[in-house]
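Please read them with the structure open.

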Amino acid sequence: GFDESFSTPGQSFQREYTNLPPGSYRLEVQFYNGSQPLGRQSLASFWVEPPFWQNPLFQLILAVSGGLLIYAGFRWRYRKIEREKERLTEMVRQATHELEKKNTLLARLATTDELTGLYNRRFFMRAILQEVRRLARSRPGETLTLLMLDLDHFKMINDVYGHESGDRVLQFVARCLKSVLRVTDVSARFGGEEFVVMLPQTPLIGGKLVADKIRRIMEANPVERNGQEIHSTISIGMLTVSSPVEYTDDLVQQLLQRADIQLYRAKALGRNRVVVEGED
């Protein structure tokens, strides 16, 4: 099937067959007399081995190796992506943590007096507004006590001992308030050496006990600074309001002014005392 031409008898000839596909072969010679076939003779049988890259075992090994290589590449890529994901997640976590810290700090700075650690005036005004609105909706008999406090002769403390000593006294007032008040009470530095305290659901007698306790602690505990004892006292104006109350837009300002009037009465009566609205 590879040679279709005839070879003349007596001639020697050579045939080369290249690129035979792998497989089994048989060499046959067919004899003719002119056009008359005389017979056929099988001379040899042989097998052409496929090249190694066509060997099924090699192809299987190649396929498996390729699959493993692809799998290894995929796993390497997957681990790289996971590491990058973990790195980004950690970056986001750290950034979120830092943002939360900054937001907490900003919130604290927005609501807290830096020197004393008490709430500032802005926070207190929001808190008392909510409490007054609650009181206006409450059943009869609910109470709210308000204290306005001011250090006595504070300018003299600054002049004699210095402003740093004055700061120490202000910080001592803050510690005193925190030690006396409940969690539900709200205290704030209202400005300068003036403080304000809101005592929700506190009747008149309870408010007087709290106010006098604050006054006595301040009187009995001097602040030490550079080996010196700085004695300070505090004057307190107090009022108690009970429901039912009619809420108005200026009700908070009215209550603060009324407490402030009692504070000035305490100053006028000699300082270092508690003066309650409605009492002589």
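1. Arg-189 stands opposite Phe-195 in β5. Strand β5 covers residues 194-200, runs antiparallel to β4 and is joined to β4 by five bridges. Two strands count as paired if DSSP finds at least two bridges between them. Strands here are DSSP runs of E with at least two residues, helices are runs of H or I with at least four, and both are numbered from the N terminus.

2. This is a predicted model, in which local features need pLDDT of at least 70 and side-chain atom pairs count only at pLDDT 80 or more, while totals for chains, interfaces and linings use all residues. Residues are numbered from 1 along each chain as its sequence is written, and side-chain values use heavy atoms, with hydrogens and water left out.

3. β4 and β5 form a hairpin with two residues between them. Gly-192, in the turn, has a positive phi of about 60°. Of the six residues in β4 (186-191), five are buried. Buried means under 20% relative accessible area, exposed means over 50%, and partly exposed lies in between (1.4 Å probe, protein chains only).

4. How many aromatic pairs does the structure hold? There are four aromatic pairs. One of them is Tyr-119 with Phe-123, which is stacked, at 3.8 Å centre to centre and 15° between the planes. Rings of Phe, Tyr and Trp (its six-membered ring) pair if their centres lie within 6.5 Å; planes under 30 degrees apart count as stacked, over 60 as edge-to-face and the rest as tilted. Tyr-119 counts as partly exposed because its relative accessibility is 34%, and Phe-123 is partly exposed at 21%.

5. Phe-124 and Phe-190 make an edge-to-face pair, because their ring centres are 6.1 Å apart and their planes are at 85°. This pair links distant parts of the chain: Phe-124 is in helix α2 (residues 121-137) and Phe-190 in strand β4, 66 residues apart. Phe-124 is buried, with a relative accessible area of 0%. Phe-190 counts as buried too, at 9% relative accessibility.

6. The ring of Phe-190 also has the charged end of Arg-121 over it, 4.0 Å from the ring centre. A charge sits over a ring if NZ of Lys or CZ of Arg is within 6 Å of the ring centre and within 35 degrees of the ring normal.

7. Arg-108 is found in helix α1, which spans residues 56-111. Why does Arg-108 count as partly exposed? Because its relative accessibility is 43%. Arg-108 and Tyr-119 are eleven residues apart in sequence and 8.8 Å apart in space, C-alpha to C-alpha.
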